[in-house]
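Please open the model in your viewer and keep the selection tool at hand. The tour below goes from one selection to the next.

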Amino acid sequence: MKSYRKELWFETPGRRGYINITSAVTDAIRASSIKEGMVLVNAMHITASVFINDDESGLHADFEKWLEKLAPEKPHSQYAHNGGEDNADAHLKRQIMGREVVVAITEGRLDLGPWEQIFYGEFDGKRRKRVLIKIIGE
């Protein structure tokens, strides 16, 4: 069995954003030369997420509205965590959207459904954060 590791780095200009990273994961699989196995893709920061869904701008706007209803950014004073920080909402949003995804690799390709794409979700941006890609297989 072989393994391959790669990091992706992001710095979003705004506090929140969604970035399609499917092609970067595909590139890592190609570089790994692994034909059959699994790829783990996870956010290495507690206010960011990796998830799978459709790449459709209306859906992304719906995520934003839904998450803001569940964990509104303001007022910052509503959260016990926000003593010296203002990002408690980002921690909650990450908890809802998830930390990582695991996808099968079949014949050297991501084994995704017809509309599935892999996304990096940022909930407390404007600084550098990373995503880990770990591939294992043969």
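Begin by selecting Y18, F51, F63, F119 and F123, which ring pairs link into a cluster; rings of Phe, Tyr and Trp (its six-membered ring) pair if their centres lie within 6.5 Å, and planes under 30 degrees apart count as stacked, over 60 as edge-to-face and the rest as tilted. By this rule there are six aromatic pairs. One of them joins Y18 and F51, edge-to-face, with 6.0 Å from centre to centre and 85 degrees between the planes. This pair links distant parts of the chain, since Y18 belongs to strand β2 (residues 17-20) and F51 to strand β4 (residues 48-53), 33 residues apart; strands here are DSSP runs of E of at least two residues, numbered from the N terminus.

The model is predicted, so local features need pLDDT of at least 70 and side-chain atom pairs 80 or more, while totals for chains, interfaces and linings use all residues. Residues are numbered from 1 along each chain as its sequence is written, and side-chain values use heavy atoms, leaving out hydrogens and water.

Are Y18 and F51 buried or exposed? Y18 is buried at 18% relative accessible area, and F51 is buried at 6%, where buried means under 20%, exposed over 50% and partly exposed in between (1.4 Å probe, protein chains only).

Next, select the open sheet of five strands, whose order is β1-β8-β3-β5-β6 with antiparallel pairing; two strands pair if DSSP finds at least two bridges between them. β1 (2-10) and β6 (109-110) stand at the edges, each with a single partner strand, so one side of each has no neighbour in the sheet. Between β1 and β8 (residues 129-137) there are nine bridges in the antiparallel sense, and R5 has K134 in β8 as its bridge partner.

Note on methods: Helix = DSSP H or I, 4+ residues; strand = E, 2+ residues; numbered from the N terminus.
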